[in-house]
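Dear colleague,

I am passing on the structure below, and my notes on it follow. Please read them with the coordinates open beside you.

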Amino acid sequence: MKGAEKIGDFFYGAKTQFIIPLYQRKYAWQEKHCVRLFEDLKRIHKDGLLSHFFGSIVSTLANEVDDDLLIIDGQQRITTLSLLILAGLNAVANGDMQPGNEHLEEVKKDYLYAIRKRIDRQIKLRPIEGDIEAYDALFTNDAEEFVKGSAMTSNYELFYQLISASDLTFQDLISAIEKLEIIDIRLESKDNPQLIFESLNSCGKDLEEADKVRNYLLMSLSAKEQEDYYHAYWSKIEKLTEENLTWFIRDYLTLKN
């Protein structure tokens, strides 16, 4: 465990990508969670608070070669902050938010990109399939390219509206975000990430039963096996059941048993 640190220190790393494993559920924060976060940031700015606890983030190295991190717990908060910062940057670009004195390119590099990563996709956050397409589309700053029906898109658009209606400058927003503190927990190879994941469901929305089943089935597999099984089975079932997986699994088990 690295202990308490500012969220900016966690995001820092020009070669580090945050990878959401396939056994994780899709991005699931609701409007009420996003509004609460934005109100907290406004209060931090207004009251001049020096810090605000933002929860714990549990991660482990993706492999022994790169600096990439697998996010075991905390993907909802990391993703939401990324959406908020991206909405702010695009709002400034569109003239809907004043920049203040903040260096926009520095913020973009520190929070949204792994600029020294020698791969085609240098965006820092790598959500699971089904989310990554919607997330990457937001970087175009073109509403016609956005993926409709995605929580990624709807929460980004919500943040854009909240930003446009507020009197915060981009500098105010980033200064408030940088007051957020987390507990950074880095797992070692001997740790069992599945047990830790199951005991640390600390985000704003409880896991569905189907989320727990996916976690149980995929987490014990290698990264390659997870990808193969996800494409061969899970994603197909997800699409055919219109993502109402919990009821499908219940009905299936009832029929079988």
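Predicted model: local features only at pLDDT ≥ 70, side-chain atom pairs only at ≥ 80, totals over all residues.

In H11, the residues Leu245, Thr246 and Ile249 are buried, where buried means under 20% relative accessible area, exposed over 50% and partly exposed in between, with a 1.4 Å probe and protein chains only. These three cover an arc of only 105 degrees around the axis, which puts them on the same side of H11; the arc is that of the directions from the helix axis to the C-beta atoms. On the other side of H11, Trp247, Thr254 and Leu255 are exposed.

Residues are numbered from 1 along each chain as its sequence is written, and side-chain values use heavy atoms, with hydrogens and water left out. Helices (H or I, at least four residues) and strands (E, at least two) are DSSP runs, numbered from the N terminus.

Helix H11 (residues 245–256) packs against helix H9 (residues 209–219) at an angle of about 75 degrees, with the two axes 7 Å apart. Axes are lines fitted to C-alpha atoms, for helices over the stretch in contact, and angles run from 0 to 180 degrees between N-to-C directions. H9 and H11 are therefore roughly perpendicular to each other, given that angles under 35 degrees count as roughly parallel, over 145 as roughly antiparallel, 65 to 115 as roughly perpendicular and the rest as oblique. On the H9 side the contact is made by Glu209, Ala210 and Val213, and on the H11 side by Leu245, Thr246, Ile249 and Arg250, contact meaning heavy atoms within 4.5 Å.

Thr246 is buried, with a relative accessible area of 11%. Leaving aside its neighbours within four places in sequence, Thr246 is in contact with Glu208, Glu209 and Ala210. Thr246 also lies 29 Å from Leu138, C-alpha to C-alpha, the two being 108 residues apart in sequence.

Thr153 is found in helix H6 (residues 151–165) and, at 2% relative accessibility, counts as buried.

In the loop between helix H5 (132–138) and H6 one finds Asn141, which has a positive phi of about 55 degrees although it is not a glycine. Asn141 is partly exposed, with a relative accessible area of 27%.

Helix H7 (residues 170–177) has six of its eight residues buried, so it is largely enclosed by the rest of the structure. The buried residues are Phe170, Asp172, Leu173, Ile174, Ala176 and Ile177, and what covers them includes helix H2 (31–47), helix H3 (75–93), H6 and strand E6 (180–186).

Finally, Gly74 sits in the loop between strand E4 (69–73) and H3, where at 7% relative accessibility it counts as buried. Gly74 and Ser56, 18 residues apart in sequence, are 6.7 Å apart in space, C-alpha to C-alpha.

With best wishes
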